[in-house]
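Visitor: Could you take me through this model by way of a few questions, giving the criteria as we go?

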Amino acid sequence: MNKLALYCRPGFEKECAAEITAKAAELEVFGFARVKDNSGYVLFECYQPDDADRLAREIPFRELIFARQMLVVGELLRDLPPEDRVSPIVGMLIGVVDRGGELRVEVPDTNESKELMKFCRKLTVPLRAAMREQKVLMARENATRPVVHVFFIAPGCCYVGYSFSNNNSPFYMGIPRLKFPSDAPSRSTLKLEEAFHVFIPADEWDERLSSGMHAVDLGACPAAGPINWCNAA
């Protein structure tokens, strides 16, 4: 597997591609980015076969600005047979991932791809069982082991690969699933909570966060003005 797949917000593919190209060059790893506008992901194809794995290990994921997730993938699996989509996916991972800790069947964050979500949920159960049988996954989830990703970009077409649990996003599709409080003053509340998850380790929350603190959201919704205040209480 010689490619990195990076999930991003639709519309930011070029920025994500430029960022990963620069980060790879700093490590003297070279390749080229494949970009499709508004697709919600970028592929960086390395010239050397083991370099994608190296990038996934050595580029600090937390330092990436535009990437929501970073994983190593192989060639695109096309036209998966409707009667057995599981076997080709599992076969691509045998000998590549040994006893992964978690399975995520995902799609890009686009309106078109979200139509595949129901299918992904249905596929996850038999896929997980087959991967456990082949020792691609452990019998129980383990947060210290690599995460196995199956990334559907269209019906019957997916990338298969893995990310490292100590250098990836812990969130499904790389997007925190946060609940909007009924008494929240504005949408800035969710932005602030996401910032807590991304920038402050959970074991430091009690020390670094307290009731009565304030945050400033710059560049908020134009209708609400350029600045929103959000109380962290």
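Visitor: Which residue in the turn of the hairpin formed by β6 and β7 has a positive phi?

Guide: This is a predicted model, in which local features need pLDDT of at least 70, side-chain atom pairs count only at pLDDT 80 or more, and totals for chains, interfaces and linings use all residues. Residues are numbered from 1 along each chain as its sequence is written, and side-chain values use heavy atoms, with hydrogens and water left out. Strands are DSSP runs of E with at least two residues, helices are runs of H or I with at least four, and both are numbered from the N terminus. Two residues lie between β6 and β7 in the hairpin, and the one in the turn with a positive phi, about 75°, is Gly156.

Visitor: How many bridges join β6 to strand β7?

Guide: Strands count as paired if DSSP finds at least two bridges between them. With β5, strand β6 pairs in the parallel sense over five bridges, and there Arg104 stands opposite His149 of β6. With β7 (residues 157-163) the sense is antiparallel, Phe152 having Cys158 in β7 as its bridge partner, and the number of bridges joining β6 to β7 is seven.

Visitor: Is Thr110 buried or exposed?

Guide: Leaving aside residues up to four places away in sequence, Thr110 touches Pro10, Asn38, Ser39 and Gly40, contact being heavy atoms within 4.5 Å. Buried means under 20% relative accessible area, exposed over 50% and partly exposed in between, with a 1.4 Å probe and protein chains only. Because the relative accessible area of Thr110 is 8%, this residue counts as buried.

Visitor: What is the angle between the planes of Phe12 and Phe66?

Guide: A search of the whole structure finds six aromatic pairs, where rings of Phe, Tyr and Trp (its six-membered ring) pair if their centres lie within 6.5 Å, and planes under 30 degrees apart count as stacked, over 60 as edge-to-face and the rest as tilted. Phe12 and Phe66 form one of them, a stacked pair with centres 6.0 Å apart. This pair links distant parts of the chain, 54 residues apart. The angle between the planes of Phe12 and Phe66 is 25°.
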